[in-house]
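Hello,

Here is the structure, with the sequence alongside. My notes on what was found follow below.

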Amino acid sequence: MQSANMLLKKLVRYSVFPFAAQHGMKKDLFSLSRTLILSHCMKEGSSHSPSEKLDLDAWKKVMKSGSQDVSATASEPKETSALAAAREILEMWRLAGRLVPENVTEEQLKTFIECPSKSAKKKYLKFLYLKELYKKSEKRKTEERRDRRLEMQESASKTEEPKRNPFLCLWASSMDKIYNWRVAQSMIFGQPLVFDMSYEKDMSDREVANTVRQLVLSESCNRRSMDPFHIHFCNFKDDSLYHKEFIKHYREAWGKLLITVTDQCYTDIFPKNKLIYLTADSPKVMKTFDHDKIYIVGSMVDKSIKTGVSLAQAKRLGLETAALPLEKYLLWSSGAKNLTLDQMMHILLTLKDTGDWKKALEFVPKRKYAGFVNKPVHELKTALNLISALKLRKRQGELRKQFAKNYSKKLTQK
């Protein structure tokens with residue numbers, strides 16, 4: 001009987017214990033096997049009463065629950081082992097000098113494992129690496145700005161606050177009153193200038209914000225001029241993107257601006273025979289500035305707008321159009337002939353004050369033209385035609401000489 005007990009102990013030790021140790025079940029199975037052995041030994045040592053029998057049903061239930069726990073925990077080590085293997089691969093690639101981020105989350109690691117190919121994994125790691133670099137640079141810049149701000153605050157607290165000059169304050173307030181007085185006079189007696197605000201649907205949010213920024217610069221330039229325009233914002237809708245961006249810039253001062261804002265169309269306010277729509281797509285070139293006309297400028301950014309949108313708007317309303325004479329006075333080198341709204345405001349104010357196109361077109365960016373035209377356009381065209389004709393004659397003479405040379409070679413070969 002003792003040999004049978006020893007055999008049972010060895011069987012449990014060499015079969016159950018390694019399996020339990022591998023799957024984290026050693027404690028439960030150890031207690032269970034111990035009770036099983038002890039119960040069997042107690043049965044042998046007792047009087048062999050029929051009430052003390054081995055509960056095999058309980059043993060089956062315990063084994064079934066243990067197998068379920070093993071199957072449930074078996075998937076977790078597989079997943080953790082795959083993540084650990086992926087982390088080891090990333091560490092090897094980092095040591096090899098590849099673009100690998102320092103901190104990788106578990107979700108990013110799972111995405112890396114799911115990549116279909118090695119090149120896709122490299123691209124994904126490069127994306128994470130660049131993203132991490134961008135975050136680090138932004139954090140560094142934020143810390144540098146904070147340090148500079150703290151240094152400035154400390155230096156300002158150490159040094160005495162400079163006294164405000166009362167003369168400069170009086171000068172600034174006086175000039176502000178003068179500017180407001182001029183703009184108020186222009187609203188009664190000045191020449192109107194219309195900005196068409198009906199292009200919101202043709203632009204993105206970023207382009208609308210850029211347009212409003214240019215309009216703010218235009219209003220500031222007009223306010224500081226000697227003879228300002230009476231600015232009209234026509235086709236302006238409340239709660240539009242234009243309105244929201246203007247509120248961001250002006251805040252409480254939006255309701256105090258000395259301009260006219262209306263949701264009406266300019267054709268309902270002014271007579272059509274006085275309206276001229278300024279657009280770069282117009283076939284008619286503007287020769288002189290007319291003080292009796294009312295010029296219209298489309299409030300839009302021309303980079304992503306399709307060409308001819310403002311021209312189509314003017315034709316739809318039956319209005320006269322005009323374009324600035326850029327090619328007549330400028331040697332255009334590169335770039336589109338569309339100007340920003342603040343540049344247009346500078347040009348129109350200079351034309352209104354002086355009538356000199358050369359002074360007005362100085363506000364065109366220097367990168368777009370090589371210089372001003374010194375001779376009339378027809379003389380330049382004549383010179384260009386003469387140069388092209390001379391080049392053509394020279395080319396024809398070279399062709400004749402080459403033909404004669406080839407012909408002589410053929411005769412000598414015969």
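**Asp342 and its surroundings**

Asp342 touches Gln214, Leu217 and Ser218, leaving aside residues up to four places away in sequence; contact means heavy atoms within 4.5 Å. This is a predicted model, in which local features need pLDDT of at least 70 and side-chain atom pairs count only at pLDDT 80 or more, while totals for chains, interfaces and linings use all residues. Residues are numbered from 1 along each chain as its sequence is written, and side-chain values use heavy atoms, with hydrogens and water left out.

Asp342 sits in helix 12 (residues 341-353). Helices (H or I, at least four residues) and strands (E, at least two) are DSSP runs, numbered from the N terminus. Asp342 is buried but has no salt bridge, and the nearest side chain of opposite charge, Arg213, is 9.8 Å away. Buried means under 20% relative accessible area, exposed over 50%, and partly exposed in between (1.4 Å probe, protein chains only). For charge, Lys and Arg count as positive and Asp and Glu as negative; His and the chain ends are not counted.

**Salt bridges**

A salt bridge is a side-chain nitrogen of Lys or Arg within 4 Å of a carboxyl oxygen of Asp or Glu. By this rule there are six salt bridges. Lys352 is buried, at 9% relative accessible area, whereas Asp227 is partly exposed at 37%.

Arg94 and Glu91 form another salt bridge (2.6 Å, N to O). They are three residues apart in helix 3, which puts about one helical turn between them.

Six strands form an open sheet in the order 3-2-1-5-4-6, with parallel pairing. Strand 3 (260-261) and strand 6 (320-322) are at the edges with a single partner strand each, so one side of each has no neighbour in the sheet. Two strands pair if DSSP finds at least two bridges between them. Strand 6 runs parallel to strand 4 (residues 275-278), and three bridges join them. In strand 6, Glu320 is the bridge partner of Ile276. Helix 10 (residues 309-317) packs on the sheet and touches strand 1 (192-196), strand 4 and strand 6. The direction of helix 10 makes about 160 degrees with that of strand 4; axes are lines fitted to C-alpha atoms, for helices over the stretch in contact, and angles run from 0 to 180 degrees between N-to-C directions.

The side chain of Glu320 also forms a salt bridge with Lys284 (2.6 Å, N to O).

**Aromatic pairs**

There are 13 aromatic pairs in the structure. Rings of Phe, Tyr and Trp (its six-membered ring) pair if their centres lie within 6.5 Å; planes under 30 degrees apart count as stacked, over 60 as edge-to-face and the rest as tilted. Trp93 and Phe112 are edge-to-face, 6.0 Å centre to centre with 90 degrees between the planes. Trp93 is in helix 3 (residues 56-95) and Phe112 in helix 4 (residues 106-114), 19 residues apart. Phe195, Phe233, Phe236, Phe246, Tyr250 and Trp254 make up one aromatic cluster.

Regards
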